[in-house]
Amino acid sequence: MSFFGFGQSAELELVLSDAESRRRVEHKTEEGKKEKYFLFYDGETVSGRVVLALKHPNKRLEHQGHHCLTWTSVFLELYYDRGNHHEFVSLVKDLARPGEFTQSQTFDFEFTHVEKPYESYTGQNVKLRYFLRATVSRRLNDVVKEMDIVVHTLSTYPELNSSIKMEVGIEDCLHIEFEYNKSKYHLKDVIVGKIYFLLVRIKIKHMEIDIIKRETTGTGPNVYHENDTIAKYEIMDGAPVRGESIPIRLFLAGYELTPTMRDINKKFSVRYYLNLVLIDEEERRYFKQQEVVLWRKGDIVRKSMSHQAAIASQRFEGTSSHTEAKTPSQPAENNSRQ
């Protein structure tokens with residue numbers, strides 16, 4: 001990085017101390033592409049080093065103020081309001097006093113037990129990101145380097161997870177009853193259910209279940225809703241008769257889903273709905289939506305995890321979907337990660 005074609009040029013590099021062993025996961029960028037980032041959980045320490053490399057060994061690099069490293073734990077950007085970035089929490093460490101650099105240097109850093117309360121998220125109208133930023137302050141141009149990371153929030157088996165039963169009908173024409181086995185599903189779960197036809201006097205030719213993600217941003221009069229159909233799952237083709245029972249079995253693991261997110265810093269929410277759609281021979285559509293809660297389940301705590309990270313990510317792991325534990329929003333005690 002050079003400044004106006006003269007003077008010293010310098011580059012910054014951020015290197016995590018456990019970069020070789022830390023897991024990397026894919027995450028969607030604002031452009032819709034998928035890239036891999038280092039994965040962290042709430043409570044884990046973030047440590048590493050900042051490498052300052054001078055391109056011209058015989059020239060000095062003067063810096064004003066300080067050479068600092070910032071951990072920005074939550075940085076929220078609403079796409080319709082790009083001029084206002086909402087930085088919830090940030091930590092700053094000064095790595096060098098004001099002066100000048102005459103040679104390349106390395107600075108160690110550590111942010112201990114870092115709070116990471118929300119899941120990383122890139123949506124249609126909002127982006128929630130975590131990143132490290134190293135800065136060398138200069139009179140004309142700062143030297144800046146950023147490193148994005150991804151945070152996953154782990155939850156527990158819900159204490160209450162009742163089934164969903166609803167009746168849908170058109171008077172004297174159609175009466176169906178549908179049932180889903182649970183109202184809360186982890187991201188690798190299977191939705192199991194049944195559709196019962198109690199009265200059929202219209203010619204139905206097709207039935208499907210859609211998974212719809214609804215992203216809500218803003219407050220008051222400036223509220224924006226974006227619906228995105230994540231999946232379409234055909235459960236019937238042809239005309240049913242009275243007394244027919246149609247099974248449902250929908251595997252969630254193959255879809256791009258996030259945990260349900262409600263009122264994140266009073267700025268945005270992400271909710272999921274199961275949309276039952278019936279289409280008759282005249283192409284008329286009948287549908288019924290039902291909200292379901294999605295959450296991220298842990299699996300096994302890595303042996304290499306630091307003690308405080310293990311405490312933060314341990315969760316109660318039950319033996320079935322009906323095992324009692326805490327709700328997804330509560331802290332957990334004996335489970336882990338995914």
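Q: Let's start with leucine 278: which residues is it in contact with, leaving aside its neighbours within four places in sequence?
A: Leucine 278 is in contact with Leu174, Ile176, Phe197, Ile204, His206, Met207, Arg284, Arg285 and Tyr286, once neighbours within four places in sequence are left aside; contact here means heavy atoms within 4.5 Å.

Q: Before I go on, what kind of model is this, and how are things counted?
A: This is a predicted model, in which local features need pLDDT of at least 70 and side-chain atom pairs count only at pLDDT 80 or more, while totals for chains, interfaces and linings use all residues. Residues are numbered from 1 along each chain as its sequence is written, and side-chain values use heavy atoms, with hydrogens and water left out.

Q: OK. Which residues have the most contacts inside the largest nonpolar core?
A: Those are Tyr180, Ile195, Phe197, Met207, Leu276 and Leu278, in a core of 62 residues. A nonpolar core is a set of buried Ala, Val, Leu, Ile, Met, Phe, Trp, Tyr and Cys residues joined through side-chain atoms within 4.5 Å, where buried means under 20% relative accessible area, exposed means over 50%, and partly exposed lies in between (1.4 Å probe, protein chains only).

Q: Which domains does this core draw on?
A: The core draws at least three residues from each of domain 1 (10-151) and domain 2 (164-295), with the bounds coming from an automatic or database domain assignment. Apart from this core lies another one, of 6 residues, among them Tyr37, Leu39, Val150 and Leu154.

Q: How do Leu39 and Val150 sit in the strands?
A: Leucine 39 of β3 has valine 150 as its bridge partner in β12, and strands β3 and β12 (residues 143-151) run parallel, joined by 2 bridges. Strands are DSSP runs of E with at least two residues, helices are runs of H or I with at least four, and both are numbered from the N terminus; two strands pair if DSSP finds at least two bridges between them.

Q: What about β2, on the other pairing of β3?
A: β2 pairs with strand β3 (residues 34-40) in the antiparallel sense, over 5 bridges. Valine 25 has tyrosine 37 as its bridge partner in β3, and lysine 28 has lysine 34. The hairpin of β2 and β3 has 5 residues between the strands, and glycine 32 there takes a positive phi near 90°.

Q: Which residues of β2 are on the covered face, and which on the uncovered one?
A: In strand β2 (residues 24-28), Val25 and His27 form the covered face, whereas Arg24, Glu26 and Lys28 form the uncovered one. As background, in a regular strand the side chains alternate between the two faces of the sheet.

Q: Switching topic: what is the strand order in the open sheet of 3 strands?
A: The order is β1-β4-β9, with antiparallel pairing. Strands β1 (10-16) and β9 stand at the edges with a single partner strand each, so one side of each is left without a neighbour in the sheet. Neighbouring strands of this sheet are turned by 20° against each other on average, direction ignored, using axes that are lines fitted to C-alpha atoms (for helices over the stretch in contact) and angles that run from 0 to 180 degrees between N-to-C directions.

Q: And how many bridges join β4 to β9?
A: Strand β4 (residues 46-54) is joined to β9 by 7 bridges, and leucine 52 has glutamine 105 of β9 as its bridge partner.

Q: Where is serine 183, and is it buried or exposed?
A: Serine 183 lies in the loop between β14 (174-180) and β15 (184-186), and with a relative accessible area of 15% it is buried. Leaving aside neighbours within four places in sequence, serine 183 is in contact with Asn161, Ser162, Ile164, Val292 and Val293.
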